[in-house]
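Hello,

The structure we discussed is below, followed by notes on what was found in it. Please look it over when you have time.

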Amino acid sequence: MIVNHLFNRRVIFVVGKGGTGKTTVVAALGLAAAKNDKKVLVVETQENDALGMLFGQTPLREKPSVLGPNIWGVRINSKMVLDEYIKRYVTVGFVAYQIIHSRVFEHFAVAAPGLKEVMSLSEIWRFEQKRDPETDAFLYDHIIVDSPATGHGLSLLRVPSTLKSMFQTGPIATQTGWVQDMLQDSSRTCLLSVTLPEELPINEALEFERTAENDLNIRMASTIVNMVYPKTFNTDEVKAIEKLDHLENQKNNPLIEAARRHIARRKLQQVHIRRLTEESEHPVFQLPFYDTNNLAWEQIADIAEQIRTGLLKLK
Amino acid sequence: MLEKIFENNGPRIIACCGSGGVGKTTIAASLGIIGALKGRKTLVLTIDPAKRLADSLGLDSFDHEIRRVPPEKFLKNGLNPSGELYAMMLDTKRTFDKLISRHASENSQKKILGNRYYEHLSSTLAGSREYMAMEKLYEIYHDHEYELIVLDTPPTRRALDFLDTPQRLLDLLGHQFFLKFFRPYLYAGRFGFRLFTILASPMLKSMSQLMGNRVLEDVAEFFNLWDDVMFEGFRKRAKGVQKLLSSSDTLFFAVGNPMARPMKEALYLYDQIRKNHIAFGGFIINRVHPQYPENILNNPDFSNLTDIDKTLSEKLLFNLKKFRNLGNSDATAIEEMKNKAGAGIPVVQIPLFDTDIHDIDGLLKVCAHLS
């Protein structure tokens, strides 16, 4: 029986603002899928060593390389992809050389609307298409992309639609069409958004969902709320603590004081999570807050296991 | 700790930089309140405030005008600032349009504003938001309307982007190589600029085969107009903006939180600020957990807690341990930062509050730790 799980899509863009723990989620999701016997490629899209650092390979290589069992990693250098592209299509060698090394083109690549982004997306598309020459099966079951955090994380995904009207003809236009098809095909691509249980991040996650689905036609799978305070105390215990908190002789007891802090934060977080759950069309998945500023590998493995036994089972 | 900056000979501009999600807007708004309380006519220039905070400052998200924060908001808290507090939400595209209309003739204005490439440049190109924040700052500064301007910088992934990306925009708009490249092939047709004799340049021909003619024509038209009417004015202005940022009237703060990445970003930012000879006011570390004494778990005080059962007492202990770990983790991170920054650099800590900061009440709590 084929179960239509949320994460049957092969290309997963993990999106979210900086500081939400997006990179950790990419790594954990990669590990979870790899443990489920899927071949996974995790992709870094900008000059950033965060993902590589988690896997102990800084920076990630510019060609896919092994990070662990069933898991590969790659960092996309859009300028390099663009140069390769030009070499492929500009058949006269010295002209290609001239273009790649000209200052005008260098500036054009920075300034041209979305050229860099569409090159990054094309590379992801190529990874998606890649097949094992012997078995003809797809080389990667999942391609998990750590999307850039700027412009609500959407700037990268918005590019093909904007670009289609600008580049009307030529190979880049054709390539943009292929990328667009991949992004908008909900059987191939999905988005996983990562946010925090606070007012502004939740607003942004909701806005993000609306824009992605209504304007860009790219399907969301789920929103992960990261760094959620766990439910340490049950309702009766909360009541008992609140009663104690009012007692004069307990005012400065650190046991009670710390409990009060936990309860207050958790209450606040739950208000925001409830709003997200009510307004979002997709499942909301929570990941816990760890009592440290630097996640250790065992904590990432712990998150991976929660994703594997929870998120990956969602339908 | 930051008292000094609000004295009469203090900076006229305070800029809050930092990576996204660390609470720059809250800090900027709080610094603005202190300015007003110290008797200065203060403007907070913000980018993307949380709705409730914007509401509480009297800002409407669809309105990009300067608004005064109603004095009643302070009176409610028993305060009567001798200065005035104003706030404004920045609109990148409008600031850019205004810049064009300041320098270009009416006819060229229309052409530039209608150019497809300008559309992209002014709204989505990396750096335009950052540069326009500085541009607006420059304009308001030279109006001499406000005694203190607090700038909340755009949310970027990396703290440094605020200083970094405008340069890329300036490189692009401040050089004439595009024009040198395109002009020989450009002629003004009835419906705008066209590239002709394109075949004369094998490079241009290949580029147009790759990307299509239209993109090249849009870009060529834009730079042709830009160079004719904007180039000199813009370059002079950009120099003025950069000079203002490195003048003694401007003070930069690096805002962060104790998590590994924002701390690293803040330090990196400080490094670059120093290298660019910009005045640095210090680090503001937001959302710091309280630190408990090291031996707190050795003799937990369960006396008077006779009502509670074993499970709950274990949970209380477990929870306290977590908070102690968090407090320690934050303290270590801040200590490390102090060592790296060196002596004499202020590091201000703002505690993590039990409630969201979304009104003047909350901001005043932050103020208490800033001054």
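This is a predicted model: local features need pLDDT of at least 70, side-chain atom pairs count only at pLDDT 80 or more; totals for chains, interfaces and linings use all residues.

**Sheet and interface**

Chain A holds an open sheet of eight strands in the order S3-S4-S2-S5-S1-S6-S7-S8, with mixed pairing (strands are DSSP runs of E, at least two residues, and helices runs of H or I, at least four, numbered from the N terminus; two strands pair if DSSP finds at least two bridges between them).

Residues are numbered from 1 along each chain as written, chains are lettered from A and ligands numbered from 1 in written order, and side-chain values use heavy atoms, without hydrogens and water.

Within the sheet, S2 (residues 40-44) and S5 (residues 142-146) of chain A run parallel and are joined by five bridges. Val42(A) stands opposite Ile144(A) in S5(A).

As for the interface, 76 residues of chain A and 67 residues of chain B take part in the contact (heavy atoms within 4.5 Å). Three salt bridges are counted between chain A and chain B (a side-chain nitrogen of Lys or Arg within 4 Å of a carboxyl oxygen of Asp or Glu). One salt bridge joins the side chains of Arg261(A) and Asp354(B), at 3.8 Å, N to O. On the side of chain A that touches chain B, helix H11 (residues 254-279) of chain A gives the most, with 13 residues.

Regards
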